[in-house]
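User: I would like to learn how to read the packing of a protein model, taking one feature after another. Could you guide me through an example?

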Amino acid sequence: MPGIHFLAKLAMVFWVATASRAVAATLSPADIFLLNRATWGANEQGASEMATLGREKWLDQQLHPPESAHLPQAAQAQIDAMPISQHSMLDLVVELQARSKAVNAIKDPVEKQPAAAAYQAALTDTARQAASRHILRALYSPHQLREQMTWFWFNHFNVHQYKSDIRPMLADYEELTLRPHALGRFRDLLGATARHPAMLRYLDNAENYAGHINENFAREIMELHTMGVGSAYTQQDIQELARILTGDGITTRTDVPKLNPDHQSTYMRAGLFEFNPGRHDYGDKVFLGQTIKGSGAAELDQAMDIIARHPATIQRVAQKIAVFFLGATPSGPAVRAMQATWQKTDGDIASILSTLFHSEPITKPDLSAGRFKDPVHYVFSALRLAYGNRVILNTLPAQNWLNRLAQGLYNKETPDGYPAAEAAWNGPGQLAVRFEVARQIGSGGAGLFKPDVPGAVDQPGFPQLQNAYYFDRLRATLATSTRAALDRAISPQDWNTLFLASPDFMY
Amino acid sequence: MNRRDLIKAFATAGILTVGGRVWAAPATDARLLVVFLRGAYDAANVVIPTSSDFYYQSRPTLAVPRPNAADPKSAMALDADWGLHPALRASLGPLWERRQLAFIPFAGTDDTTRSHFETQDTIEMGQAIQGTRNYRSGFMGRLAGVLTQTRPIAFTDQLPLAFRGEGTIANIGINAVGKPGVDERQAKLIQSMYEGHRLGTSIAQGFQVRDDVARTIAEETDANRGAVSAKGLELSARRIGRLMREQFNLGFVDVGGWDTHVNQGGATGYLADRIGELGRGLAGFADEIGPAAWPDTVVVVISEFGRTFRENGDKGTDHGHGSVYWALGGGLKGGRMLGEQQTVTQANLFQNRDYKVLTDYRSIFAGLLTRMYGLSAAQLDQVFPGARPTDLGLI
């Protein structure tokens with residue numbers, strides 16, 4: 001009878017699990033609340049780290065990740081083997097552009113079609129590698145807070161993978177622009193994203209030059225990256241910022257262009273990025289009431305200094321961070337304290353987060369008020385719970401789940417990024433799809449242990465959700481109706497599906 | 001007075017219960033589909049002011065040629081002043097001839113932020129910009145609350161703001177419908193875990209719609225009999241047509257990809273391809289919903305704003321103001337350009353940059369809804385508080 005077999009297995013798992021859990025048991029419910037917010041999802045590994053270090057020390061390490069902590073070797077090795085880890089963005093883009101040229105040179109349509117498809121597949125592969133690296137870090141990095149903030153900032157400074165040739169730029173954008181500043185200064189983040197080729201391509205600034213103004217990027221900097229719509233700027237300010245942004249673009253050229261001698265020395269080049277004085281509007285600008293003298297690339301730095309420190313930016317971005325971690329706008333004092341820290345530290349993100357994590361909504365949490373997980377938290381937390389002690393070998397199933405749940409990595413077409421509001425994710429259709437994903441995650445390895453190489457063998461990888469963390473932490477907190485449904489599970493797969501579908505796991 | 005009281009107060013016919021909700025007033029066969037072109041489609045290059053020399057001066061690389069029978073890449077004449085983009089000639093031309101299609105130029109909102117997201121929200125909320133707005137309440141959600149015997153649905157991955165509010169509205173990503181893996185027994189167990197939970201209704205509805213849609217799409221596969229089937233947007237639109245013929249009567253769908261800042265093309269090119277796809281989708285919807293239901297159906301195509309009247313430095317257009325809305329339906333008195341109009345000249349531009357808005361989106365919808373559903377003034381005020389209906393004489 002399958003039921004008996006299933007229960008016998010359960011008992012065995014329980015026995016194995018009891019061995020190594022004494023330490024994590026010392027954590028309070030408020031500690032677990034923090035663990036669930038500061039990481040992509042609580043699991044046994046996170047709990048024992050926190051218990052070993054103590055809450056404050058653990059939090060400090062999340063805010064200031066020590067170099068000594070690493071990804072598990074099995075995850076790091078996968079990342080090291082990726083072409084995006086071995087080639088610069090410039091090299092990737094140059095190579096793919098050459099390939100694109102070669103494809104376009106093919107006259108015969110029968111020959112051209114497969115070559116074009118292969119070129120597209122190569123572009124897409126670079127994005128998949130970046131997504132894969134992102135997922136491995138989200139699941140296994142000890143620096144969970146930095147990983148969450150990397151996702152947060154990508155979403156804040158969103159670019160869409162399928163526009164033009166952005167795909168080979170994603171890895172660099174995430175790794176060298178967002179992650180290093182994810183817990184650093186907001187001003188640095190703003191400046192770095194504004195000159196990244198992925199952003200310049202996405203919001204058309206590569207096409208914005210003197211006499212050919214394209215105000216797309218200027219508008220979204222004001223509206224989405226900093227001050228927010230309805231705050232103290234005008235259409236005129238957008239047009240002035242667009243003029244300031246002229247000349248910032250993308251190039252793969254290998255020589256320095258010949259320019260007006262007055263401006264020759266202001267030519268800038270870093271990898272794919274180029275500031276081309278020949279395309280810049282050198283007139284003076286009046287931006288947010290301040291005159292910015294026409295001087296070249298430095299004008300943008302001046303403009304960024306103004307908007308990064310503008311009260312509207314501080315208020316809006318601090319609140320957005322709070323909502324990301326708490327699910328709803330917390331009471332006034334918490335956000336006000338974050339704003340005060342922002343002012344005091346000139347936008348040091350780790351300090352702002354420290355204020356948030358030491359504010360009442362986190363230190364004295366209302367345990368009954370949950371934060372409904374958006375799809376990315378849902379999928380990552382499920383995988384962290386299921387495979388916290390075993391590194392997955394293929395992230396593609398997880399990438400697909402996120403896409404199915406309409407929150408795919410790098411896949412938000414518009415620059416506003418994915419919404420944080422629960423109402424954006426809990427519609428009937430979305431929940432139905434979420435249960436399908438619960439079933440796929442719960443039913444077996446789902447391909448997570450079949451490396452994405454030809455001839456790979458799928459290794460067994462049953463998701464062991466009834467693990468030490470479950471027995472120590474989760475079981476006692478389950479609602480009666482959830483327990484009743486779990487008791488009626490007819491197999492471990494079924495149990496997993498129901499558990500991941502339960503209201504208890506949605507928050 | 002709350003909504004429920006209102007419905008009861010206006011109850012004239014018998015009361016019936018559907019899905020636990022109390023419904024009143026006479027039934028209607030009316031069907032409404034709102035199509036939201038997110039990203040601000042370049043209205044001036046789709047419904048073209050062909051009599052305006054200023055248009056041709058303003059768009060040296062983008063302009064679509066004036067109607068010319070000898071040139072398939074020229075606009076199709078709508079009237080003396082307006083022409084339709086040639087990419088719509090085959091799909092929507094016949095509907096125009098049958099007077100089942102009308103355009104409302106100079107339409108839009110009084111939101112001048114030129115922000116996609118802000119203005120989309122404005123439209124979906126359907127509340128006056130002045131004063132406080134409820135950011136969790138959309139006009140279609142309120143409409144579903146006021147109407148009788150309505151089965152609303154959003155054909156979108158995420159429930160749009162337009163449909164948010166007090167009730168729970170179904171949504172389904174129409175592109176990605178597959179055979180459900182969660183079986184009947186699991187679905188029941190899952191629902192049992194959410195009894196009394198605030199997501200309970202949403203989950204029950206999710207399973208219901210999942211099953212209904214899966215059934216409809218299975219029939220579609222049978223009905224195709226191996227013929228080449230539609231793809232992409234047209235496939236989605238045909239599915240929506242079938243679902244709205246059989247099961248749902250108040251729908252919302254959005255189509256993205258209209259934010260054409262760079263190289264948008266003219267008679268051919270990027271925008272032409274997108275608009276052609278949309279035209280085939282709408283014609284496919286009309287075809288699929290069928291001759292019995294089409295006369296009772298109204299499709300309204302909207303977008304958050306128009307684009308700059310002049311082309312920009314990159315053979316594209318930037319964010320503007322006034323747009324052109326579309327109305328389609330088998331029972332319309334269409335084949336006309338509707339609403340207040342002005343000659344298209346530089347002097348008539350808004351801020352010397354964009355089309356003006358002469359007809360507010362709320363009054364357009366308010367007028368349509370009044371005609372379609374016979375809404376009372378009080379009911380209308382629930383849906384579009386403070387809006388004054390404009391009767392365009394479409395229905």
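User: Which residues have the most contacts inside the largest nonpolar core, and how many residues does that core have?

Analyst: Bear in mind first that this is a predicted model. Its largest nonpolar core has 136 residues, and those with the most contacts inside it are Leu170(A), Leu241(A), Ala318(A), Ala322(A) and Val379(A). The largest share of this core, nine residues, is supplied by helix H21 of chain A, which spans residues 375–387. There is also a second, separate core of 110 residues, which includes Val47(B), Leu233(B), Leu250(B) and Leu328(B). To return to Leu241(A), its contacts are Ala218(A), Ile221(A), Met222(A), Phe287(A) and Ala303(A), once residues up to four places away in sequence are left out.

User: How do H21(A) and helix H22 of chain A pack, that is, at what angle and with their axes how far apart?

Analyst: Two packed helices are described by the angle between their axes and by the distance between those axes. In this case H21(A) and H22(A), the latter covering residues 396–404, pack at an angle of about 150 degrees with their axes 9 Å apart. Angles over 145 degrees count as roughly antiparallel, and H21(A) and H22(A) are therefore roughly antiparallel to each other. The crossing in which H21(A) passes H22(A) is right-handed. On the H21(A) side, Pro375(A), Val376(A), Val379(A) and Leu383(A) take part, and they meet Ala398(A), Trp401(A) and Leu402(A) of H22(A).

User: Turning to chain B, why is strand E12 largely enclosed by the rest of the structure?

Analyst: Strand E12(B), residues 323–328, is largely enclosed because six of its six residues are buried. Both of its faces are covered, with Ser323(B), Tyr325(B) and Ala327(B) buried on one side and Val324(B), Trp326(B) and Leu328(B) buried on the other.

User: Which strands pair with E12(B), and in what sense?

Analyst: Strand E7(B), residues 101–108, runs antiparallel to E12(B) and is joined to it by five bridges; within this pairing, Ala107(B) has Ser323(B) as its bridge partner. Strand E11(B), residues 297–303, also pairs with E12(B) in the antiparallel sense, over three bridges, and here Val300(B) stands opposite Ala327(B).

User: Finally, how many residues of chain B are in contact with chain A?

Analyst: The size of an interface is often given as the accessible area lost when the parts come together. Counted here by residues in contact, 44 residues of chain B meet 39 residues of chain A. Helix H7(B), residues 200–224, gives the largest share of the side of chain B that touches chain A, namely seven residues.

Technical notes:
Residues are numbered from 1 along each chain as its sequence is written. Chains are lettered from A and ligands numbered from 1 in the order in which they are written. This is a predicted model: local features need pLDDT of at least 70, side-chain atom pairs count only at pLDDT 80 or more; totals for chains, interfaces and linings use all residues. A residue is buried if 20 or more other C-beta atoms lie within 10 Å of its own, exposed if 12 or fewer, and partly exposed in between; C-beta atoms are placed from the backbone. Helices (H or I, at least four residues) and strands (E, at least two) are DSSP runs, numbered from the N terminus. Two strands pair if DSSP finds at least two bridges between them. A nonpolar core is a set of buried Ala, Val, Leu, Ile, Met, Phe, Trp, Tyr and Cys residues joined through C-beta atoms within 7 Å. Two residues are in contact if their C-beta atoms, placed from the backbone, lie within 7 Å. Axes are lines fitted to C-alpha atoms, for helices over the stretch in contact, and angles run from 0 to 180 degrees between N-to-C directions. Angles under 35 degrees count as roughly parallel, over 145 as roughly antiparallel, 65 to 115 as roughly perpendicular and the rest as oblique. A crossing is left-handed if the near helix is turned anticlockwise from the far one by less than a right angle, and right-handed if clockwise.
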